[in-house]
Amino acid sequence: MTMQATDIATYNFAYLDEQTKRMIRRAILKGIAIPGYQVPFASREMPMPYGWGTGGVQVTASIIGPGDVLKVIDQGADDTTNAVSIRAFFKKVADVAVTTETAKATIIQTRHRIPEHPLTAGQTLVYQVPIPEPLRFLEPRETETRKMHALEEYGLMHVKLYEDIARHGRIATTYAYPVKVEGRYVMDPSPTPKFDNPKMHMSPALQLFGAGREKRIYAVPPFTEVVSLDFEDHPFEVQSFDQPCALCGAHQVYLDEVILDDHGGHMFVCSDTDHCEKRREEGHAGHLAGDAFAALQHNVPGDSGKKE
Amino acid sequence: MVEAETIDGGFANPVFDAQSVFRAVMDAMARPGTVQPVAMLARPPAPLSPVAAAVALTLCDNDTPLWLDPSLQASPAAKSWLGFHTGAPLAGTPSDAHFALVSKPAELIALENFAQGTQEYPDRSTTLILQLDSLASGADLLLEGPGIEKMAMAAPTPLPRHFVEQWKQNRSRFPRGVDVILAAPEGVACLPRTTRIKTMEA
């Protein structure tokens with residue numbers, strides 16, 4: 001392996017020292033062997049604050065090699081602060097190829113979205129997780145939640161979902177929607193919109209989750225059952241949008257609301273920027289694509305609503 | 001006195017060699033039954049095999065008590081090589097081991113002797129590294145479970161005695177239980193505790 005010594009002279013490859021990588025690698029293997037179980041690990045200080053994805057960064061640093069192609073997304077976007085800085089970090093400390101194209105990446109580090117483009121076998125999705133414990137807001141004591149997982153005692157979670165129904169008439173949880181992995185562990189899929197939950201089920205890609213501040217790693221192997229919790233009379237449903245993406249016209253994708261002016265003007269666009277750009281290159285156009293968008297700066301557009 | 005063979009034969013390029021071996025093991029663990037090739041990166045003294053030794057170098061260090069089967073235990077060369085290159089302390093009893101290196105799987109003690117983890121901390125279990133002759137010339141095993149789309153096939157040999165029955169018991173202890181890394185000359189394959197094994201009824 002030839003590395004330019006001048007590039008990363010002061011750091012080991014991928015920033016972490018080898019003993020730390022071994023410790024994280026052992027945790028990853030246990031996580032894969034016990035799908036959905038949160039493996040404790042000795043999370044390190046990283047050159048970024050907790051909450052900026054230190055868990056995901058440590059997982060990526062422990063698995064990445066010179067042959068990998070890395071994609072980093074933040075709420076679906078490749079071009080926002082968190083994504084840009086983590087991508088630059090790995091370019092600097094590991095000298096790896098980076099991409100924004102989902103299909104070309106071997107490792108995709110994500111904060112709270114799963115790309116719209118279907119993942120394939122051989123790809124690894126690394127989630128940055130803030131609170132790994134799905135029961136934490138129901139039971140603050142770690143000793144108790146650990147016991148609840150040990151005894152498979154998840155009644156409290158169903159009570160929580162039931163209270164949603166009693167209060168709102170439907171399950172009001174829209175992100176970090178709890179899932180059951182392989183019929184055993186209830187897991188927090190990280191604060192992804194519940195829209196993405198079905199993509200985790202039987203995904204051909206390996207999914208790794210890293211929570212740096214909370215010091216937990218967990219995993220979902222490929223082709224593993226991931227079922228969103230629900231009730232027979234209130235089945236799990238994903239968000240639906242009554243409008244396509246304003247720029248690329250895509251249906252059945254997750255949309256972000258973008259405020260356009262101070263008169264209440266807004267539009268809905270794909271949250272997955274790579275997906276949206278690809279579609280526009282292919283010639284798909286939404287109602288605000290191209291010139292329409294420029295003209296809009298002077299007009300107040302009609303109401304376009306999103307319904308849950 | 002330190003012999004040359006103790007010091008020789010580690011990873012030539014520790015960072016990248018460990019990374020490539022780990023990715024092979026990770027992919028094998030994530031896709032049970034698949035054989036992930038491992039380059040001949042380690043040159044350990046017999047009876048250690050190069051692939052099993054590479055896995056040990058990748059995963060073991062001074063945090064991980066290592067259990068050796070009697071034939072490795074009887075080899076001062078293998079013991080001092082592992083000690084020099086990994087720094088792993090030897091586990092006196094199998095239930096204290098984080099990893100177990102097994103050079104003669106056919107003579108292995110029962111899987112239930114190894115650390116199984118607890119119901120609260122099922123990750124505190126032993127991972128066994130078995131040195132095999134082949135991953136393709138044994139009796140066919142049908143594998144099902146997470147990581148496998150429908151069904152996978154493996155034919156590792158030699159396996160511990162009554163392995164299919166032992167594995168069924170291991171599976172029934174879930175989430176507790178041991179995980180197995182099969183190291184053969186052609187590469188590694190893994191059996192995480194979630195994998196269900198069926199024998200081919202001919």
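Helix α2 of chain A, residues 54–63, is mostly covered in this predicted model, with ten of its ten residues buried. Among the buried residues of α2(A) are A:Thr54, A:Gly55, A:Gly56, A:Val57 and A:Gln58. The list for α2(A) also includes A:Val59, A:Thr60, A:Ala61, A:Ser62 and A:Ile63.

**Domains of chain A**

Chain A is divided into two parts: domain 1 spans 18–228, and domain 2 spans 240–307. Taken over C-alpha atoms, the centres of domain 1 of chain A and domain 2 of chain A are 29 Å apart. To their contact, domain 1 of chain A gives 14 residues, and domain 2 of chain A gives seven residues. On the side of domain 1 of chain A that touches domain 2 of chain A, the classes are four nonpolar, five polar and five charged residues.

**Chain B**

The secondary structure of chain B consists of six helices and eight strands. Read from the N terminus, the order of elements in chain B is α-α-α-β-α-α-β-β-β-β-α-β-β-β. Along the principal axes, the C-alpha atoms of chain B occupy a box of roughly 55 × 30 × 30 Å. The radius of gyration of chain B is 16 Å, which agrees with the value near 17 Å that a compact globule of 202 residues would have. Of the 202 residues in chain B, 52% count as buried. When contacts in chain B are limited to residues at least 6 apart in sequence, 71% of them join residues at least 24 apart.

Helix α5 of chain B covers residues 76–86, and its buried residues are B:Ala78, B:Trp81, B:Leu82, B:His85 and B:Thr86. Viewed down the axis of α5(B), these buried residues fall within an arc of 95°, so they line one face of the helix. After α5(B) comes B:Gly87, with a positive phi near 75°.

**Contact between the chains**

Chain B contributes 30 residues to the contact, and chain A contributes 31 residues. On the side of chain B that touches chain A, the largest share comes from helix α2 of chain B (residues 14–30), with twelve residues. By class, this side of chain B has 15 nonpolar, six polar and nine charged residues.

**Confidence**

For the complex, the predictor gives an ipTM of 0.96 and a pTM of 0.93. The averages for each chain are set out below.

| Chain | Average pLDDT | Residues scoring at least 70 |
|---|---|---|
| Chain A | pLDDT of 90 | 91% of the residues |
| Chain B | pLDDT of 94 | 98% of the residues |

Where in chain A is the pLDDT below 50? That stretch is residues 300–308 of chain A, which has 18 contacts in the model beyond near neighbours in sequence. In chain B, confidence is lowest in α1(B), where the mean is 81. The highest confidence in chain B is in strand β3 (residues 127–131), at 98.

Notes
Residues numbered from 1 in each chain as written. Chains lettered and ligands numbered in written order. Predicted model: local features only at pLDDT ≥ 70, side-chain atom pairs only at ≥ 80, totals over all residues. Domains from an automatic or database assignment. Contact = placed C-beta atoms within 7 Å. Nonpolar A, V, L, I, M, F, W, Y, C, P; charged D, E, K, R; others polar. Buried ≥ 20, exposed ≤ 12 C-beta atoms within 10 Å, placed from the backbone. Helix = DSSP H or I, 4+ residues; strand = E, 2+ residues; numbered from the N terminus. Arc of directions from axis to C-beta. Rg over C-alpha atoms; globule rule 2.2 N^0.38 Å. pLDDT = per-residue confidence, 0-100.
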